[in-house]
Amino acid sequence: MTKTFIPATTTTIIFFFLTTSAIAAQPINHRPPYSCDAADPATRSLRFCDTSLPISERARDLISRLTLDEKISQLVNKAAAIPRLGIPYYEWWSEALHGVAQAISVETGILFNRTIKAATSFPQVILTASTFDADLWYRIAKVIGTEARALYNEGDAIGMTFWSPNINIYRDPRWGRGQETPGEDPLLTSNYAVSFVRGIQGDGFEGGKLSDGHLQVSSCCKHLTAYDLDKWKGFNRFTFDAKVTKQDMADTFQPPFKSCVEKGGASGIMCAYNLVNGIPNCADYNLLTKTARGDWGFKGYITSDCDAVSLIFEQQKYAKSHEEAVAFVLKAGMDVNCGSYLGNHTKSAVEKGKVSESDIDRALHNLFSVRMRLGLFNGNPTALPYGQLSRNDVCTPEHRGLALEAARHGIVLLKNSGNLLPLSKTKTKSLAVIGPNAAVAKTLVGNYAGPPCNPITPLEGLKSYVKNIEFNQGCDTINCTFISLGESLKIAESADYVILVMGLNQDRESEELDRVDLVLPGEQASLVTNVAKAAKKPVILVLLCGGPVDVSFAKHDPKIGSILWAGYPGEAGGQAIADIIFGAHNPGGRLPVTWYPNDFIKVPMTDMRMRPDPSQGYPGRTYRFYRGEKVFEFGYGLSYTKYAYKFLSVSQRVINFKNTHLISYEQESAKSISISDIGSESCEKAKFSAAVGVKNHGKMAGKHPVLLFLRGDGDADGRPTKQLVGFQTVSLDANEEATLEFQVNPCEDFGRANEEGSMMMESGTHHLVIGDQEYAIHTNI
């Protein structure tokens with residue numbers, strides 16, 4: 001029997017592009033779904049409606065009133081209504097990766113078909129990450145949460161649990177979903193997760209501890225864990241068994257999820273489709289219960305990816321029956337199944353003794369607790385926190401301005417020979433704009449997007465600066481199997497400047513579509529090269545793509561003067577591109593991923609190892625471990641100005657752990673000690689600050705991300721070549737300077753995972769690195 005899967009993260013997102021107001025002209029009043037209406041005598045006296053009681057007590061009371069069939073009906077994403085208790089239907093599945101999103105092929109919790117027709121569409125996450133601006137990430141997420149709650153209040157949503165962010169590590173450049181992530185670095189991804197979760201959820205994270213505070217909406221960190229292959233050369237995510245070392249798990253794959261829970265206060269986690277070392281993620285007790293709930297202190301709900309539970313029996317063959325698959329996931333600690341599988345097979349599992357009713361109650365306690373934190377059992381939402389948000393809080397000028405700000409600060413200038421950019425606003429009289437991505441609004445928003453407020457394409461953005469523009473698509477489609485070379489050359493020869501807008505789209509990289517190469521599709525490179533030869537002056541190449549592309553040909557071609565990477569820049573992306581090209585904004589974005597040469601495709605995507613193995617010719621992965629040629633490195637990005645750095649002071653130069661009286665381990669020539677054995681007091685004493693001076697030596701103001709790396713002596717024993725330990729942004733006028741202070745925690749920042757997955761502190765010299773400046777720190781064990 002062939003089964004069609006509709007995974008949560010497989011759904012095709014279809015966009016509606018509006019040229020009129022995002023809000024319907026005539027107000028339509030729809031009541032948002034909620035329980036415990038004070039005006040309803042049938043529920044007014046129910047204990048679970050008493051908001052003076054702790055949520056845990058209220059959840060237990062509610063569960064105690066349910067029949068077995070009613071309990072089972074709550075274990076799926078489409079949780080059934082229970083009319084006798086005044087509980088409405090609830091949809092657990094909604095998306096908000098970089099704006100409130102809508103899926104058309106299946107019904108999720110967001111409708112966009114009543115009062116509100118659009119929401120602010122921010123840049124795809126990979127571009128937002130290139131700002132290295134945690135405050136910006138927080139502000140974006142806060143807007144997303146505001147608009148999501150407004151949709152609910154207006155009756156345009158039947159769920160407020162959003163399955164975002166995607167915080168998997170962008171391990172392989174071919175991954176179709178890498179665009180959804182903050183990139184390849186664990187610290188960058190961890191910090192993004194914390195900012196996003198705190199922003200979208202609102203004020204429920206108080207005093208450094210997860211509270212029972214009212215959630216604006218619920219955020220779900222996905223996909224736990226080691227998930228970064230969708231569909232590649234016969235392998236697919238539904239059955240792929242990722243072989244991951246304890247070392248790589250400890251210092252690469254798990255840190256973002258740990259931070260998402262411990263520091264972000266996430267109320268949701270999604271377990272991934274794939275297996276890790278032979279065990280399906282959603283059936284892994286050690287992962288979901290011992291690690292997430294035990295070690296990290298997770299208090300929310302855990303959902304499967306859609307139909308992941310059915311795979312455990314039907315495709316992965318890990319379980320021997322439907323009932324055993326149900327038992328595996330419920331006893332592992334999963335709470336809700338995206339799909340119908342638990343609804344169909346849980347009762348049979350109970351009857352056959354595979355699952356107890358207490359296993360179901362445990363899951364329901366987590367589920368109803370989150371719904372209560374959302375205020376869904378607190379009566380009329382208009383009288384509750386966030387209850388006044390409405391259609392007037394969606395697609396506001398401030399929100400759309402933030403989308404423009406994010407795109408401007410994220411775009412990365414990769415090449416600018418002879419200071420070709422910025423172009424003069426007064427002297428540029430004509431432009432030739434060529435390329436398949438120049439005039440397609442859909443491309444701007446990437447995947448997991450809703451209908452944007454008012455999308456502006458690159459062509460439209462450029463028209464705000466130059467009226468005399470000739471446009472040619474250049475390629476038949478993004479695949480560029482046919483090029484209109486004659487027409488492209490004709491308009492290129494006559495224009496003052498030529499701008500080529502090339503790259504990829506969701507037909508080339510997306511969910512369930514990993515790439516097989518790292519080059520521009522079809523004849524795109526040929527088109528760029530030929531147009532560059534014909535143009536009067538060096539041309540400007542703009543790349544719209546999520547994943548890295550080997551554009552070595554353009555990097556080394558003197559006729560291609562400038563290269564901009566704009567990711568998928570969101571609804572305001574076209575204006576942001578134009579603003580940078582004409583100098584209204586100084587670019588400052590820095591790459592959150594390594595751009596590899598196309599030869600990297602010789603490395604099997606299925607090889608999960610992060611660290612290099614020279615004996616096998618294996619180069620390793622990401623800037624932390626990769627040994628090989630790069631097209632552009634992690635953190636690379638140019639500006640229209642020049643910045644210089646200097647270490648001004650460091651509060652500790654020698655960090656002594658010798659008096660901790662702990663067992664140390666000899667590893668080759670280095671002494672090391674387990675960080676877990678050092679103790680919180682010693683770790684606290686080891687913290688220090690580093691003051692760094694930053695000066696803008698140019699003639700143009702700019703916002704600049706400052707990245708602090710740690711480099712050890714050598715890279716033996718699996719040590720990273722270097723690793724990011726901190727980042728901040730600073731805005732400086734021409735010739736202005738500022739001092740940034742970095743707080744460094746050696747127990748977190750200097751640690752290295754050993755082969756058993758334990759984080760170790762080593763004796764030796766560590767170098768703090770910013771740009772071309774280094775400062776030595778010594779640790780003694």
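Which helices and strands do the buried residues of H20 pack against? To find out, select helix H20, residues 573-581, bearing in mind that this is a predicted model, in which local features need pLDDT of at least 70 and side-chain atom pairs count only at pLDDT 80 or more, while totals for chains, interfaces and linings use all residues. Residues are numbered from 1 along each chain as its sequence is written, and side-chain values use heavy atoms, with hydrogens and water left out.

Helices (H or I, at least four residues) and strands (E, at least two) are DSSP runs, numbered from the N terminus. Nine of the nine residues of H20 are buried, so the helix is largely enclosed by the rest of the structure; buried means under 20% relative accessible area, exposed over 50%, and partly exposed in between (1.4 Å probe, protein chains only). Now show the partners of these residues, which are helices H14 (397-410), H15 (441-444) and H16 (458-463), together with strands S17 (497-503), S18 (539-544) and S19 (560-565).

Next, turn to the salt bridges, each a side-chain nitrogen of Lys or Arg within 4 Å of a carboxyl oxygen of Asp or Glu; by this rule there are 38. Select Arg174 and Asp172, whose closest N and O atoms are 2.7 Å apart; Arg174 is buried at 1% relative accessibility, and Asp172 is buried at 0%.

Then select Glu756 and Lys246, which meet in a salt bridge at 3.5 Å, N to O. Glu756 lies in the loop between strands S28 (752-753) and S29 (759-762) and Lys246 in helix H7 (residues 246-253), so the pair ties together parts that are 510 residues apart in sequence.

Terms used: Contact means heavy atoms within 4.5 Å.
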